[in-house]
Amino acid sequence: MKGRVLTFYLCGVLCGIDVSRAKEMNRNVEYTVVPGAANKIAGLMNLRGQIITLFDLATILGFSRLEKRREMNCVILKARPHDSDQAGFFVDKPGDVIEVTADMCEALPASLGDIESRFIREVVKLEDSILLVLDLDKIFGA
Amino acid sequence: MTLLTKRYTRRKMKDETDGFTLVDMQGEVSCVLDYEALLGEFVNEGLTHVQRIEKGLLDAERGLQDTEQINAVFRAAHSIKGTAGFFGLKKMVELSHAMEALLAKIRNSGKDMDSVTIDALLSATDKLKEMLENVKDSENTEVNAQLARLTDALHYKQYPPAAKKSSGSTRRDFNIPGNYKEIIRDAKKRGQQVYQLNLSLDKSSGQNAVSPDLVSKIKSIGNVVYCDEGCNELACLFTTVLEPDLVALALDVSEADIQQISDDAQKPEDFNVFKKSSGSRYSLEETSWSAKGENGVMAAYGGTEKKEDERVRVDVALLDSLVNLGSEIVLGRNQLFRRLEKYAAAIPELTASLQHIDRLTTELQEKIMRTRMQPLANVFDKLPRLVRDLGKSTGKNVQLLMEGKDIELDKSIIEALADPLVHLIRNAVDHGVETLEERKNTEKSLTAIISIKAHREGGRAVISVSDDGAGVNLESVARKAIQQNILTPGQLAAMGDKERLNLLFHPGFSTSKQITDISGRGVGLDIAKSNIEKIGGNIEVSSVWGKGTTFRLRLPLTLVVVPSLIVEAANQQFVLPQVNLREIVRITPGDKIRKIEYINGYRVLNLRGELLPIINLAECLGKTTGNIVECSITRVLIVRSEDRVFGLTVDRIYDREDVLVKPVPQYIKECKAYSGVTILGDGKVAMVLDPDSLAPATMSMATERQDENLTYIGQRTLGTMAEQQEFLLFKCSGPENFGINLPLVARVDEIDADQLQIIGDKEYVNYEGSILRILRPEDYLPVKKLASRRSKLCLLIPKSVKYPVGILVERIQDTVQTAVDINEEDIKAKGLWGSAVIHDKIVLIVNLYDLMELADPERYVTEQETGRHDCCQTVLLVEDTAFFAMVVRQYLEGAGYQVLMAGNGEEALNLLGKCAVDVVVSDISMPVMNGLELVKAIRSNENTVSLPVIALTSLASARLEQEGLEAGFNYYELKLDKTNLLKKVALALSEREGRLA
């Protein structure tokens, strides 16, 4: 892909999403756990009167979490016309917005270990690290 | 339409006076006004007119035709024509003009419309509607068919002009100049129209009814041909380029007072062009005319339509945002209150201000919600047409009765209601109502009646849709369900009538013999049900064979704000809608009357004689919490779900709050425990609990030990559990009702009658690979025996019997859980425990073991003899379950023992102190003092230390047996194993005698 990518860390892995899909980033959010909901659902939060469903992206992607999530930072996604409900997800640490060009992208490696590779859109090689660009449609469409 | 033309006219008028030509003026109009928006408005208004036409025509068909009605239809058609012309929609003009022409003729003839005319008009109306809905494409729509039908209708029957119209206007005759035809022709040449203005001034309002400069006003828009100005009358003939409605506006008079005259006119009366008054002050005058009876038509019109004029059209989006803001303001108030609570004492008069705001907010909220309320008429009014068309296409005579049209519901509910209601009506006409021949045969009136009644019941609206048709054939429902693999025969056999009826709502279920294009595609009722449930309502069906079917819809009046109780469980707040809360019970430790008890490991609360199961919210949601601390004060919320009442314990109970319920996000839709989400006063998100789904989840725990094949409809309120018995109700070939204790039945299955094989004088069936002896209860009981007519029969397989048999019955009716007194005296026979009254019917309770003995006397005879004791030994039977007590007692008495009864360990000890007992037979699990405690007490008392005690249990387990024997029981026996029990009793007694000897 080409364009600007919003990056963040999830369990020590640098991930990113198309910045145009992000609505905003919130720190120290308060949220409500939904007993009985699937594991991937972290809970619900109130964003200025809107109910946002927060996902636990690490669980969805199959990352193993070494320690308990401490900071409550989350990325809220823009609602698109066909979405009936708004979604967001927790990140461990916000990163940057970086410009990605086509030549930086690489095909998905055959195996990413336990990581759910179907949710990874692309692997971007940065100077000092690897960035996994996530496929939001697959993650939230499912 | 009026709104539109008004706007247009204002602009036009201004331009006129400014001296623009018509062409210039239109040019300006098109650039000043947003064509698209105007067109949209036209469509909206046009659709309203179409609706009015439809209603008028249908009324006319039902014989309610009157001049007012026809005029209203006429005006509506005319309005469409007028504005369609403005937009250059020629086809629409053509069609509405043809309708208008036909209507004019009908009106002038003063006769009733025949069905050809009505059909032609209705089909044209449909076309108009179609064109309006697709206005951009309307020019390409084919209208010739409709036009031809209208023309046919026009000539089909002559509607000669009535000589004297009863309610027609009595207009003052003009002394029109003889050359008026010429004048008209001249005017036409110049593109002008000729009008006749006719005003009558009422004396009471005469001073301001006609502005003195009316004539000069006319001159400003055209030429006056003739004018006659009396003291309270004005008649004027003039020419102008303006359309009639514009003239009315220009002159500030009602359109009704203006008549357009065309050149081929014979009489001005033929061309009366009535148009809806634009709500001017003339409506007043019209009303006064009505009092004088001079112009009934217009007066009635002014009277009925005035109400409508008081309404304003508001954009739905604006209303919706208003509703949202209203809800937000309620939340804001709640927030404010929570935060300011602690300053109430510190700031003087804060409380008063808050209260004021509170009241205002509540009122504001209510009023805003009211704006969304719409009368049911919005949905109901579409139904007569539907019923008419369905009736025609199915060839049935159907009459529709409607009641409660004015009940108001939230807009979203009204909208969601439309489809299900239409479906129910279709169903009623198509499946419910019989064909004419069938009705003739059953001596019913040929005209079927479908009635839709709406009324308010508490905070809900109830709509019932009933037909007087054939009713639902349960047999065929059952057959279809099996054919379509919805159920297994076994499941079906265990179902009661009500459940079978509910199969109608099963997805994919259809009973109609053939699929018609009206309904019966097998999708529908289930969708109707889910649509109704989506908006928080429910639907029930009841049906009487031969009499008809009724669907009852219960709907909430509004959706959005719900008064609720905020509770806490697992450190989290939840919202419980107050509708579901019956009461809150405070239980203090040591209270003898109100306390939480344990029955079979389940917590129950005895509340005023009602035993309510208690569930813990946190546990229910899958969270673990510490046990309820029994020593502290507990509060139990008594929650009423759809069909059950239960107790709910939570960690904390907060205040009540009005919450704005939002739908559960799609991502967590699978959590059934919630009906919505809300934002609390503190800004936190909280889940709204759905008691209906909380209850079954926990209820199933209590019943899962039961046979899975059976569904239980317990009686709504649980009686005291000690006397609760579950019965399976069934019928044999005769009319008698039978019952059997459900715990004795292992399973129920359906078999085909031709599977039965007769060997000797006994019947057998190949059942799951082995040969099963069949018993028909009516062969052995003193009841009526009839030849079986059914091809499917039900087989009851009893539990824990020595020789397997199948009890063959005709039909399973129901399972009930009820506290009954079995009367052992009135109806007495071997094979029966007695009779009982269940659901107001006498039910014979079958003694399964007696029945088996009757059927196979040779097998049981020896056992009887070995078990017989003639000595008068006394057995103390300790058993809390009435049924088991009865069974075991009968065994023992049958064997010649004297039996003393005790309901629990404590009672048993009392009896032991008073009476001489030779052997004790005791249940293990009992209230107050259980069997283990009892036996320990017996062993610790030196008088009874050697008394034989036999444990009876329904649970077979080596560990339990070990425990029992260690506690001091001599023997451990399974309940209902008659032979072994008697053997053990005899053994225990002989051992005792041996010891004593």
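Helices (H or I, at least four residues) and strands (E, at least two) are DSSP runs, numbered from the N terminus. Buried means under 20% relative accessible area, exposed over 50%, and partly exposed in between (1.4 Å probe, protein chains only). The buried residues of helix 27 of chain B are Leu848(B), Tyr849(B), Asp850(B), Leu851(B), Met852(B), Glu853(B) and Ala855(B).

A note on the source: this is a predicted model, in which local features need pLDDT of at least 70 and side-chain atom pairs count only at pLDDT 80 or more, while totals for chains, interfaces and linings use all residues. Residues are numbered from 1 along each chain as its sequence is written, chains are lettered from A in the order in which they are written, and side-chain values use heavy atoms, with hydrogens and water left out.

**Chain B as a whole**

I looked up the totals next. Chain B has 33 helices and 38 strands. Of its 997 residues, 48% are buried. Its accessible surface is about 48400 Å², with 51% belonging to carbon and sulfur atoms; the areas come from the Shrake-Rupley method with a 1.4 Å probe, and for residues only the protein chains shown count as cover. Among contacts (heavy atoms within 4.5 Å) with a separation of 6 or more in chain B, 67% are between residues 24 or more positions apart.

**Ile53(B)**

I then picked one residue. Ile53(B) lies in helix 3 (residues 35–64) of chain B. Ile53(B) counts as buried because its relative accessibility is 0%. Beyond its neighbours within four places in sequence, Ile53(B) contacts Val73(B), Ala76(B), Ala77(B), Ile80(B), Met99(B) and Thr125(B). Ala76(B) is 23 residues from Ile53(B) along the chain, and their C-alpha atoms are 6.5 Å apart.

**Where chains A and B meet**

I checked the interface last. The contact takes 22 residues from chain A and 20 residues from chain B. The two chains bury about 1700 Å² between them, 64% of it on carbon and sulfur atoms; buried area is the accessible area (1.4 Å probe) that two parts lose on being put together, summed over both. On the chain A side, Pro35(A), Ile51(A) and Asp85(A) lose the most area to chain B, together 32% of what that side buries.
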